[in-house]
Amino acid sequence: MNEKTKTSEDCSRRQFFTHISYTLGGLAALMVGIPIVGSVLAPIVKQPLPIWRPVGELKTFTVGDIVKVSFIDSSPLPWAGITAETAAWLHRKGQEDFTCFSVNCAHLGCPVRWVAGARLFMCPCHGGVYYEDGTVAAGPPPRGLYDYPVRINNGQVEILTSPIPITTV
Amino acid sequence: MESLRRAWLWFDDRTGLGSALGPVIKHPVPPNSASWFYVFGSATLFAFMLQVATGVALAFMYVPSAGEAYQSLQYITDQTTFGRIVRGMHNWGASAMILLIGVHMVRVYLTASYKFPREMHWISGVVLWALVVIMAFSGQVIRWDQTAVWSTIVASEQAGRIPFIGEWVAQFLIGGETIGGATLSRMFAYHVFIVPALLFIFIGLHLYLVIKNGISEFPKAGKPVDPKTYRKEYEALVKKKGIPFWPDAAWRDMVFGFIVITTILVIALIIGPPALGPPPDPSNLDALPVPDWYFVFYFAFLALMPPQMETYLMVFGPLLVGALLFFLPFISNKGERSPLRRPWAVAIVALTIASISGLWAIGISSPWSPHFDAKPLTVEIIGADSGPIYRGGMDFNEKGCLYCHKISGHGGLRGPDLTYIGDRLSSNELTWRIMNGGLNMPGFGGTLTNDELSDLVIFLKSRTKQNQESSSLGGD
């Protein structure tokens, strides 16, 4: 009887040590894990604010033309170098009427090119083609080109920076 | 020599390494497993060791900074001592790993070595294969040139199609909302810390399992695996006929491994590393991001899949393939192992190889892509130097027709060859097709003037076999 009691006490003592070891180990992992995992996940939680970027003087754009404009993205890090550069296709449709398309094909993000002679945007990767208004003309894109907000500010054409457009379901 | 031997004896006495590892490397294996069919797993391991060594060497010189990585790669390739060779070995070593792990998987599948009791060998192998693929992709990205930038975006766009969490996964891959400083740093961390750590863990598990359950014997037709008796039979086999793994079986691994390593070195010496593309400037749109050869078949798959099904195929296709591979041992873990008695297994392998090869061949030529660098039609091909045929030919060059259609060997492959289109379609049919488009062709009704349309139709109508022959006779 005595022996049995001792064994069960021994077991509960052992169980206690087991549980405390697991708990302390888990707690330590959780405490250090929060900042570690948090720092890795931060880019998808902390979104940079969009910024208006000037892309050129109003008078430099000809009505009817579609031209490539380059600008710095919304969240350039100090060591980004040329990777902070981005581009868009700017269409001056009227005196103060602009449309600005993302350069990323809505299929899989490849850089579409403006073929002025054909007045088409063409994607080199999987053959997506868009009309000059950004609608799909041919190929696999599930939707038209994404666009950026444009404004004219003190004679400057400005584009509101946006994330790389991700086509979702 | 004697002093070295004494030093080893002292070291072994204190550490016990010799007595611990000796029986492991000399463990008995079935005599028929000492075969040239069984060398691909160890060759993959040798290639991995080379990747670790060359990767560490590259890390001494590579700068994982978005703004400077490209210049550091130029420096490694052009200015450092042996840097070009080390980069070349790392690149071709990656190709070797992809190739060898694929051959190893095919061998294991065909000989059904994944059956009882080696289910976990296969599963750990599938995880290793997935990790090798991730390494190949992340390695291509940290080669931080223009293709790397656009490949990252393409991968993120695919991730974006995952239901509900797609955008988050995409931004996790990019390291934010746009390509930039964070993208390369994160990809570098995956490539040199996270994935290699997982590789070491799973290689350790894979090798431990090989020791624990033994190398599978080469299968015999008519001798199925029965989980109730297999272990006893295997133990009896190795006890009675087994040969020590080292060196009786391992010498073939060493010979083949030597050939693999030497081949990688020779290719690195002769061909060198892949040329860097233009700098990683996302605003330079003059880009055609084609992945490294081992992903070209998937690149083709993305282009050829039906658009209405592509989201499902893009997201669930790889998941389904991964799940099928992962759960294979649970679908069948007993019965015949010999490929002679498993015709479906042989057929699946043949079909897979044929599909990948076919997609690869199509991916190389990428007929769906407009050929922006197509040579313009010459006056000789047009067959006139003035008038509507000439003007139509010039329009064909300038209006983008040339990028997708071929005439007399000049032009793209996306649309039909129009060399003899005048024999097939009437002027009305040509006009209708140009104006309205069709299938994969955009309509040009809104962009061509009446004169341009008329010239273009006259030019195309002149593309007949008779005209071509008389023009070539005239040329003679």
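In the hairpin of β10(A) and β11(A), where 2 residues lie between the strands, Asn154(A) takes a positive phi near 55 degrees. The model is a predicted one, in which local features need pLDDT of at least 70 and side-chain atom pairs count only at pLDDT 80 or more, whereas totals for chains, interfaces and linings use all residues. Residues are numbered from 1 along each chain as its sequence is written, and chains are lettered from A and ligands numbered from 1 in the order in which they are written. Strands (E, at least two residues) and helices (H or I, at least four residues) are DSSP runs, numbered from the N terminus.

Within β11(A), Gln156(A) is the bridge partner of Asn153(A), and Ile159(A) is the bridge partner of Val150(A). Both strands belong to an open sheet of 3 strands in chain A, with the order β1-β11-β10 and antiparallel pairing. Its edge strands are β1 (52-57) and β10 of chain A, each of which pairs on one side only. Neighbouring strands of this sheet are turned by 35 degrees against each other on average, direction ignored; the axes behind this angle are lines fitted to C-alpha atoms, for helices over the stretch in contact, and angles run from 0 to 180 degrees between N-to-C directions.

Chain A also holds an open sheet of 4 strands, ordered β2-β3-β4-β9 and again with antiparallel pairing. Because β2 and β9 (147-148) of chain A stand at the edges with a single partner strand each, one side of each is left without a neighbour in the sheet. The partner of β9(A) is β4 (residues 98-102) of chain A, which runs antiparallel to β9(A) and is joined to β9(A) by 2 bridges; here Tyr148(A), in β9(A), is the bridge partner of Cys100(A).

On the level of domains, whose bounds come from an automatic or database domain assignment, chain A is divided into domain 1 (1-46) and domain 2 (52-160), and the C-alpha centres of these two domains of chain A lie 54 Å apart. Chain B is divided into domain 1 (24-365) and domain 2 (379-475), with 47 Å between their centres, taken over C-alpha atoms.

The contact between the chains takes 50 residues from chain A and 57 residues from chain B, two residues being in contact if their C-beta atoms, placed from the backbone, lie within 7 Å. The elements of chain A that give two or more residues to this side include α1 (2-45), β2 (66-72) and β3 (85-92), and β3(A) gives the most, with 3 residues.

In chain B, helix α3 (residues 40-59) has 20 residues and reaches 28 Å from its first C-alpha to its last, close to the 28 Å expected at 1.5 Å a residue, the expected span being 1.5 Å times one less than the number of residues. Of the 20 residues of α3(B), 14 are buried, meaning that 20 or more other C-beta atoms, placed from the backbone, lie within 10 Å of a residue's own; 12 or fewer make a residue exposed, and those in between are partly exposed. Val290(B), in the loop between α11 (245-270) and α12 (293-304) of chain B, counts as partly exposed because it has 19 C-beta neighbours inside 10 Å. Leaving aside neighbours within four places in sequence, Val290(B) is in contact with Val296(B) and Phe299(B).

Note on methods:
Pairing = 2+ DSSP bridges.
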